[in-house]
Amino acid sequence: MVGPGRPVFVLFGSSIVQYSFSNGGWGAILADVYARKADILLRGYLGWNSRRAVQVVEEVFPKDAAVQPSLVIVYFGGNDSMDPHPSGLGPHVPLPEYVENMRKIATHLKSLSEKTRIIFLTSPPVNEEMFRGSRIGPLLSQSVRTNELIWMYSEACIKLCKEMDIKFIDMFNAIQKRDDWETACFTDGIHLSSKGSKIVVAEIIKVLKTADWEPSLYWNSMPTEFSEDSPYDVIASDGVKTINISNLTTHREIQWD
């Protein structure tokens, strides 16, 4: 560990999380937005379903850890919602079990600390044709996910979040607000492109800005580490005084609200 300690945000989920630092992903964007404010930790597991997540959630988030996360963003559901395979193998999890698995994950996370906040992400839609033509598509059986099934699992996740008073982001519908979502928002029909990730980040920031959490986890309300004025700051354009650029964001393509 390095110090001083910052709030810790953990991204926990399957490939949508594991890949969130690739291709201008939403995890990488959050790490930039929260630079000098919070540490973004990646706990993503490619190909996993909620059943496997429940098996390890207490190892990933031990109750006796010296530091508990301030925020956990959770995504499982896309793999759960795949059609069951005749062999009984594969990632499919029946909808009732998926809901109970997500309930168990939420219950454990809530038990970590009174200050641990949770956001669930529902599954985004897919472009089935793009996925079949991708590099990974031919490696898998024809038992794949469909938007009809994904919608059912997404709606069940939202219902659970409302029941348990958990913040959520409806990725299934948020992605589809963009007219060209089928081609613009994915790298392979399933995993998010930089354009798809920017939609997710905008929704996450919206939740964090409006949540009545104390302390606030909205990036622009959080202190910036080592942001005090210093005689070693860069010289201002007048050539007379220094200027504190601790919170400068001009490098960002998007000036996040």
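Predicted model: local features only at pLDDT ≥ 70, side-chain atom pairs only at ≥ 80, totals over all residues.

Biologist: How far is serine 221 from arginine 52, in sequence and in space?

Modeller: The two are 169 residues apart in sequence, and their C-alpha atoms are 36 Å apart in space.

Biologist: Back to that loop, then: which peptide bond there is cis?

Modeller: The bond from glutamate 214 to proline 215 is cis, with omega near 0°, and proline 215 has its place in the loop between H9 and S6.

Biologist: What about phi, which residues have a positive value although they are not glycines?

Modeller: Phenylalanine 226, which is found in the loop between H9 and S6, has a positive phi of about 55°, and arginine 36, in the loop between helix H2 (26–33) and strand S2 (39–44), has a positive phi of about 65°.

Biologist: Are those two buried, partly exposed or exposed?

Modeller: Phenylalanine 226 is exposed, with a relative accessible area of 55%, whereas arginine 36 is partly exposed at 30%.

Biologist: Switching to helix packing, how do H4 and H6 cross?

Modeller: The axes of H4 (residues 95–110) and H6 (residues 147–164) come within 10 Å and cross at roughly 35°, and H4 passes H6 in a right-handed crossing.

Biologist: Which residues make that contact?

Modeller: Among them are Leu95, Tyr98, Val99, Met102 and Arg103 of H4, with Met152, Tyr153, Ala156, Cys157 and Glu163 from the H6 side; taken together, the residues of the contact divide into 11 nonpolar, 1 polar and 3 charged.

Biologist: Zooming out, how many helices and strands are there, and how compact is the chain?

Modeller: The chain has 9 helices and 7 strands, and its radius of gyration is 20 Å, close to the 18 Å that the globule rule gives for 257 residues, so the chain is as compact as a globular protein of that length. Along its principal axes the C-alpha trace spans about 75 × 40 × 30 Å.

Biologist: What share of the chain is buried, and what does the surface look like?

Modeller: Buried residues make up 48% of the 257 residues, while the chain exposes about 13500 Å², with carbon and sulfur atoms supplying 53% of that area.

Notes. Residues numbered from 1 in each chain as written. Heavy atoms only, no water. Axes fitted to C-alpha atoms, helices over the stretch in contact; angles between N-to-C directions. Helix = DSSP H or I, 4+ residues; strand = E, 2+ residues; numbered from the N terminus. Left-handed = near helix turned anticlockwise from the far one by under 90°. Contact = heavy atoms within 4.5 Å. Nonpolar A, V, L, I, M, F, W, Y, C, P; charged D, E, K, R; others polar. Rg over C-alpha atoms; globule rule 2.2 N^0.38 Å. Buried < 20%, exposed > 50% of the residue type's maximum accessible area, 1.4 Å probe, protein only. Areas by Shrake-Rupley, 256 points an atom, 1.4 Å probe, with all protein chains shown as cover.
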